[in-house]
Amino acid sequence: MPTSTSGTGDCVPGQTQTCPCEQGADGSQVCLPDGSGYGTCECESPDDDGTTTTGSDGSTAADTTSTSGTDTDTDTDDSTTGEPAVCDAYMGFPEDECDLWLQDCPAGEKCVGWDDGTGQSPLWNAARCLPIDPTSGQLGDPCMSEDYPLSGIDSCDVGLFCFLFEGQDNEVGRCIELCGNCPADPTCPDSTCTSFTPYQSLCFPGCDPLLQDCDQGGCRPAGDEFQCQGDFSGAGGAPGVPCISSSYCDPGGVCGFPETVSPDCDPTAPGCCTDLCDLTDPAGDAQCTLVGQTCQPFYTEGTAPKEYENVGICLQ
């Protein structure tokens, strides 16, 4: 659901950032064409299964809204009739040129989300068919986004999207998958489905937050896991610096609530960057940059996924 929250300050036209929403979720907003600031924050209600970012005793600021979407045995096509399977509460895109979930464009074309210029702020708000680039970049390949950041024109193959992990002003990104199945039950092969708008639902690669093993961007919290997402920290992002989401902290850091990170953090800021830490590292609290912090469990007791049981966060 949209909120009236808007970013302030200069920005790159078309650049997208996350923004705070109700109940600890994050939405997205896009820099206005004149670069004077960010437009309306577009929010979605948290999922019923509670797949919003969980920190130590709820202490971290929320990151991108994610829906649990690990791959299931659900088929998107009926092998007998050749027609797509229909999910419960399937919404589709009847008013648009094509359907992002069905990829029903003519041969040689792909269905992409784009900003058609009719919205109140720049945001993916429509779908259209575009020719598939002759290079047909595959999953994980470097890619280019053309014309303008929200045009939908890129060098990736059908079912893929060129995500600029280092920000919308960066020229080279990586081809990542669009979420599969259908809006009511989105699936991704190896991670959760993260939705920015109904026209942009993506499968970000999973990663190890303690190794920070992403080729681009940073390993960020998303739902009950970690994903390779954008790094928009630029010259900022160090522990103690204000943030609106973990994508604005240096890789290896996350955005926590100011009052739990450090008494020196700006209490009026949405969040404050702090370090991730390894609960099993002999260095213990010495992993933390800010004075007075200790390495504490990132997840509340009994909720950590097995692969993230050692993940900690530096808090007061």
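A residue is called buried when its relative accessible area is under 20%, exposed when that area is over 50%, and partly exposed in between, with a 1.4 Å probe and protein chains only. By that rule, 50% of the 316 residues of the protein chain count as buried. The model is predicted, so to speak of local features requires pLDDT of at least 70 and side-chain atom pairs count only at pLDDT 80 or more, while totals for chains, interfaces and linings use all residues. Residues are numbered from 1 along each chain as its sequence is written, and side-chain values use heavy atoms, leaving out hydrogens and water.

Now colour by secondary structure: the protein chain has one helix and 21 strands, where helices (H or I, at least four residues) and strands (E, at least two) are DSSP runs numbered from the N terminus.

Next, select Phe163, Leu202, Phe204, Phe226 and Phe298, which have the most contacts inside the largest nonpolar core, a group of 39 residues. Such a core is a set of buried Ala, Val, Leu, Ile, Met, Phe, Trp, Tyr and Cys residues joined through side-chain atoms within 4.5 Å.

Stay with Phe163: beyond its neighbours within four places in sequence, Phe163 is in contact (heavy atoms within 4.5 Å) with residues including Cys143, Ile176, Leu202 and Phe204.

Finally, select strand E9, where buried residues cover both faces, Leu160 and Cys162 on one side and Phe161 and Phe163 on the other. In a regular strand the side chains alternate between the two faces of the sheet.
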